[in-house]
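Me: Hi! I'm new to this one, could you walk me through it?
Reply: Happy to, here it is.
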There are 2 protein chains.
Amino acid sequence: MKSIIKLSSILLTSLLLTACGEKQQNSDNAQIVKQQTFEWKLVTSWPKNFPGLGRGPETFAKYVEKMSGGRLKIKVYGAGELVPGFEVFDTVSAGTAEMGHSGAYYWKGKIPAASFFAAVPFGMNATETNAWLQYGGGLELWQKLYKPFGIIPMVGGNSGLQFAGWFNKEINSIDDLSGLKMRIGGIGGEVMSRAGAVPINMPGGEIFSSLQSGALDASEWVGPYNDLSFGFYKAAKYYYSSGWQEPTATLEFLINEKAFAKLPLDLQEIVTVATRAVNDDMLSEYTARNSSALKTLKEKHGVQVRTFPPEVMQKLKATTALVIEEMAANEPSVAEVWTSYKAFYDDISAYHKITEQAYLENRQ
Amino acid sequence: MKSIIKLSSILLTSLLLTACGEKQQNSDNAQIVKQQTFEWKLVTSWPKNFPGLGRGPETFAKYVEKMSGGRLKIKVYGAGELVPGFEVFDTVSAGTAEMGHSGAYYWKGKIPAASFFAAVPFGMNATETNAWLQYGGGLELWQKLYKPFGIIPMVGGNSGLQFAGWFNKEINSIDDLSGLKMRIGGIGGEVMSRAGAVPINMPGGEIFSSLQSGALDASEWVGPYNDLSFGFYKAAKYYYSSGWQEPTATLEFLINEKAFAKLPLDLQEIVTVATRAVNDDMLSEYTARNSSALKTLKEKHGVQVRTFPPEVMQKLKATTALVIEEMAANEPSVAEVWTSYKAFYDDISAYHKITEQAYLENRQ
């Protein structure tokens, strides 16, 4: 009996050992492998299951669980469920959650160049930003910035061009911005400040009541799809389509470096590829649903869509250039990112002027 | 001795059985599973490793092999290596290869509505087409069309807006198209024919010599990135940027339905998600490299970039509308696809006129 136990024990050990390193091939083209399972937490800056932004990480978690055959389970937390929305970065850095989903501009206090990986006023749109990140050296610079915090950034979807926002009065000249209390963050907030407005940082969930109470005169948020679901049309009269502050909002997956290193190579690849698939998916979702939501806002809720006069756009554009040049002059890490961003932007904007832009004009 | 063999045999059988169905959980959070391995062939319509188009399926195969830990190995064949480029559809339908990578308009002889899943002249661009496919019902219609052939279509990347092409004479009026022998396929070819030109179908690899010999007066292919690598600037004088025939070229992965059904669920998901990641990746590659290739063509090779006069664009646009309406009137499957496409297009083009297009104009 002893010898029996010994033999079966050797067999088992041998199976387990080959499974961890090489795999054992059987005659029916099958492998016997030992697989470790993982459970991860993913914290976000969005309300749980929020359309678009909040759906992205949920889609990601589903892709990963199915692709890994359940070996990597990721539980997604809405803002405030585990930690507040603006604590995502620190939570992933500390490893309290293995992953996060957010927008890089929220960390500009900690990392001045972070905004360039989310949105640059009068900068690149979604397609262009993706191209810079993947084929223009952008992602490497982003990884370098997050490295000291033990975080690996990956692309996390895209909202497309965001609207200029909701206003309780019409903007007919640059003077109309004077003293305007507006919820707007990132570089756009600084530009608005120089243009005379009073920029206010505020999570999405507080905008509606602030517009109603008069604590805010104006607010940008995302675009028709999200703005409709927040009901802003009940709290502000004019909807300005002429987005300038966020020609795209690139979202980010944040991954704790040590947690990632503990995954076997196949799960690492599953996580990485899933972020790219979400990046593809979210822009499609926003494109389709922004378009139908704008129809609903106009046709069902009588929303008046406006554009800023050229004078206002020119002033905001000139101020943006000043703000970015100052940021780059004061901070070497901003200068490094801006040099890369601007070189890519100069080429791609010239290219898209004679291709995409010319095409959109020709097809009308 | 006999009993020893019997016990170890029971142990092994038990391991294999639990592995096929449920998995066996160990105390160290590990599973012992039996995994089948697969080797697939993927045939393409492009030269092996061709920039962009040919890189897409190679990237796909790498993603899948790494994500599956080597359980699904996909060998990619260039056009002509296993079958000619225009036989990809039939080869996947027959199951001789489990997968293919191509463009749907190549099958318009067999499936009249197929072109709408690749490129529609004066239609949707890459972002818009992706949105229609994933969130506008497009993919379901595509799947329905390929179903009788035992093929599942999935998105396979995107070239972005294609250039109008290379011409050996200037196009100053619609009369200049008369008798012009031009390599152009899909719906664009039919439009060119009605406009007086002689459209010719020809694989990419034969264009250069045909332009040089005078067998062709003009040819569209893709855009600067691919056109530079084919050296067309040595064979034609003028490069027209005003693309109209393919505002995007959506590429496709073709998957043999029976082969797909034989995969376990995790590998099915790996294949599906990898197609979305490639879709994200290829447009980024084209965007970045088209932009730099156009600089090279102009600055290094002195290429003269031209645009069609408005008169020519208007004529091509009006003719496109006629051709598509006729196609829809003659063929119910085209009518079904066109109804869905047009409804989405009408909304999204109105939306992008006040957002993307307005933004591109404002940022100049």
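This is a predicted model: local features need pLDDT of at least 70, side-chain atom pairs count only at pLDDT 80 or more; totals for chains, interfaces and linings use all residues.
Reply: Residues are numbered from 1 along each chain as its sequence is written, chains are lettered from A, and side-chain values use heavy atoms, without hydrogens and water.

Me: Switching topic: how is chain A divided into domains?
Reply: Domain 1 of chain A covers 39-158 + 248-288, and domain 2 covers 165-247 + 301-341. Those bounds come from an automatic or database domain assignment. The centres of the two domains, taken over C-alpha atoms, are separated by 24 Å.

Me: How many residues are in contact there?
Reply: On the domain 1 side of chain A there are 31, in contact with 29 residues of domain 2.

Me: Now helices. At what angle do helix 5 and helix 12 of chain B pack?
Reply: Helix 5 (residues 138-146) and helix 12 (residues 332-363) of chain B pack at about 165 degrees, with axes 10 Å apart. Helices (H or I, at least four residues) are DSSP runs numbered from the N terminus. Axes are lines fitted to C-alpha atoms over the stretch in contact, and angles run from 0 to 180 degrees between N-to-C directions. Helix 5 and helix 12 of chain B are therefore roughly antiparallel (the word is used for angles over 145 degrees).

Me: Which residues meet there?
Reply: B:Leu141, B:Lys144 and B:Leu145 of helix 5 meet B:Ser333, B:Glu336, B:Val337 and B:Ser340 of helix 12.

Me: What about helix 2 of chain B and helix 10 of chain B?
Reply: The axes of helix 2 (residues 55-67) and helix 10 (residues 265-299) of chain B come within 9 Å and cross at roughly 140 degrees. That makes helix 2 of chain B oblique to helix 10 of chain B (oblique is what remains besides under 35 degrees, roughly parallel, over 145, roughly antiparallel, and 65 to 115, roughly perpendicular).

Me: Where does chain A come in?
Reply: Helix 10 (residues 265-299) of chain A and helix 2 of chain B have axes that come within 8 Å and cross at roughly 140 degrees. The contact is made by A:Asp266, A:Glu269, A:Ile270, A:Val273 and A:Arg276 of helix 10 of chain A with B:Tyr63, B:Lys66 and B:Met67 of helix 2 of chain B.

Terms used: Helices (H or I, at least four residues) and strands (E, at least two) are DSSP runs, numbered from the N terminus. Contact means heavy atoms within 4.5 Å.
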